[in-house]
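Have a look at the structure first, then read on.

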Amino acid sequence: MNIRDMTYKRLLLALIFSVLACAGMPVRAEIAGQVLLASDAVAVRAGKALPLVPGMMIEDKDTLRTGKTGNLQLRFTDNSTMSLREESELTIEKYHFSGRADGEERAFYRLLKGGLRTITGLIGHIQRENYRIDTDTATIGIRGTECTLMLCQGSCLNADGSRARDGLYGGVTGGIVAATTKSGELRIGVGETFFAASIDRPVEKLTAPPVFLHRRAASRQSISTASVSSNSSGTGESSSSGGSTSDGSGRDQGTGGSNRPGQVARSENVERSEMVERSEKVERPESVVRQEKVERPEKVERPGKGR
C-alpha cells in the first residue's frame with residue numbers, strides 16, 4: 001500500500017469517527033415558551049424532574065406536571081398562553097415556530113391528567129390544522145379560540161357531591177372547538193359545553209357546565225346535600241349526542257344554572273301580604289244652599305220739596 005492510499009484511508013476513518021461522535025451528541029431541543037407563574041410544578045426533561053420557576057424556559061418534548069397545590073401559567077413563542085390546574089400533566093409532543101408563518105409551525109400537546117385553559121396564538125389562527133390537544137378520549141382541534149378542558153379520572157365531583165362521569169369535559173369562551181372521536185366530529189361554539197366519554201363514542205353536548213370545569217377542582221370530601229339545591233343543573237347531563245352545532249347557543253347552555261358546592265339555595269321570595277284596601281272615601285256633605293238674596297224694597301219716593 002502506497003502513501004497515497006494510506007492517507008486516503010486515514011481521512012476516511014477520521015470522517016467516520018467524526019460522524020459517529022456527532023451522532024452521539026445530544027441535540028438541543030427547541031424552546032417552546034416561558035413560565036409566567038409556577039407553584040408546585042415541574043418539567044420532566046430527559047428523565048429528570050426540573051422544578052419550574054417564573055422566567056424559566058420550557059422546551060419541545062417536555063412533560064409538565066403540577067402537584068396537589070400546583071399552578072402553572074405559560075406563554076409560548078407564538079404568543080399563545082396556557083394554564084394548568086392542580087394535579088395535571090401535559091406533554092408537549094411537537095412544537096415548532098420559527099417566528100413567522102412558513103407552513104412548518106406545529107403545536108401538538110397531549111393532556112394526560114387534570115385540566116387546562118388555553119388561548120391560542122399565531123399557530124392556532126394561521127395554521128389551525130397544526131394546533132391540537134390530544135387525550136385518550138378525544139382530539140381537540142382549535143379554530144382560533146379560548147377554551148377550558150378537564151380530564152376526569154375518578155377525581156371530579158358534581159355539585160351534589162356525587163362523582164362525575166370519567167372522560168373529557170370542555171367549555172368554549174371564544175371561537176370554535178372541534179372535538180373528534182372515532183364516531184365523528186362535533187363543533188362547539190362560544191358558551192357551549194361538551195363531554196367525551198371515550199374515543200369510541202360520540203361527543204356529547206351538555207345542557208350546563210359541571211361545577212368543576214371553570215374553577216379549581218371540587219373538594220374530595222362529600223358535600224352535604226342539605227346545603228345544595230337538589231335541582232342543581234351542574235351534574236353535566238347531556239342533551240344530545242353528536243352532530244354539528246353553531247356554538248352560539250346560550251352560555252354553556254346555562255352558565256349560571258348550576259349551584260356551586262356549599263351554596264345554600266335561597267328560599268323563595270315571601271309574598272307580601274295583600275295591600276289593605278283603603279276605606280272608601282267619605283263623601284263630603286253636600287254644600288249648603290245659600291239662601292236666596294232678599295230683594296230690597298222698592299225705593300220710596302220722597303215727597304217733593306215745598307214750594
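Tyr-109 counts as buried, because its relative accessibility is 0% (buried means under 20% relative accessible area, exposed over 50% and partly exposed in between, using a 1.4 Å probe and protein chains only). This is a predicted model, in which local features need pLDDT of at least 70 and side-chain atom pairs count only at pLDDT 80 or more, while totals for chains, interfaces and linings use all residues. Residues are numbered from 1 along each chain as its sequence is written, and side-chain values use heavy atoms, with hydrogens and water left out.

**Aromatic rings**

- The whole structure holds 5 aromatic pairs (rings of Phe, Tyr and Trp, the last by its six-membered ring, pair if their centres lie within 6.5 Å; planes under 30 degrees apart are stacked, over 60 edge-to-face and the rest tilted).
- One of them joins Phe-76 and Tyr-109: the ring centres are 5.4 Å apart and the planes stand at 65 degrees, so this pair is edge-to-face.
- The two partners come from distant parts of the chain, 33 residues apart, with Phe-76 in strand E4 (residues 63-76) and Tyr-109 in strand E7 (residues 106-119) (strands, E, are DSSP runs of at least two residues, and helices, H or I, of at least four, numbered from the N terminus).
- Phe-76 is buried too, with a relative accessible area of 3%.
- Tyr-169 and Phe-195 make a tilted pair, with 4.5 Å from centre to centre and 40 degrees between the planes.
- Because Tyr-169 belongs to strand E11 (residues 167-174) and Phe-195 to strand E14 (residues 193-196), their pair ties together parts that are 26 residues apart in sequence.
- Tyr-169 is buried at 1% relative accessible area, and Phe-195 is buried at 0%.
- Phe-76, Tyr-95, Tyr-109 and Tyr-131 form one aromatic cluster.

**A charge over a ring**

- Arg-132 has its charged end over the ring of Phe-108, 3.9 Å from the ring centre (this requires NZ of Lys or CZ of Arg within 6 Å of the centre and within 35 degrees of the ring normal).

**Thr-135 in its loop**

- Thr-135 sits in the loop between strand E8 (131-134) and strand E9 (139-142), and Thr-135 is buried, with 5% relative accessible area.
- The side chain of Thr-135 reaches the backbone oxygen of Ala-138 at 2.8 Å, and a polar atom of that side chain lies 3.2 Å from the backbone nitrogen of Thr-137.
- Beyond its neighbours within four places in sequence, Thr-135 is in contact (heavy atoms within 4.5 Å) with Arg-110, Leu-111 and Leu-168.

Notes. A polar contact is a pair of N or O atoms within 3.5 Å; within protein, one must be able to donate a hydrogen and the other to accept it, and residues adjacent in sequence count only if both atoms are side-chain atoms.
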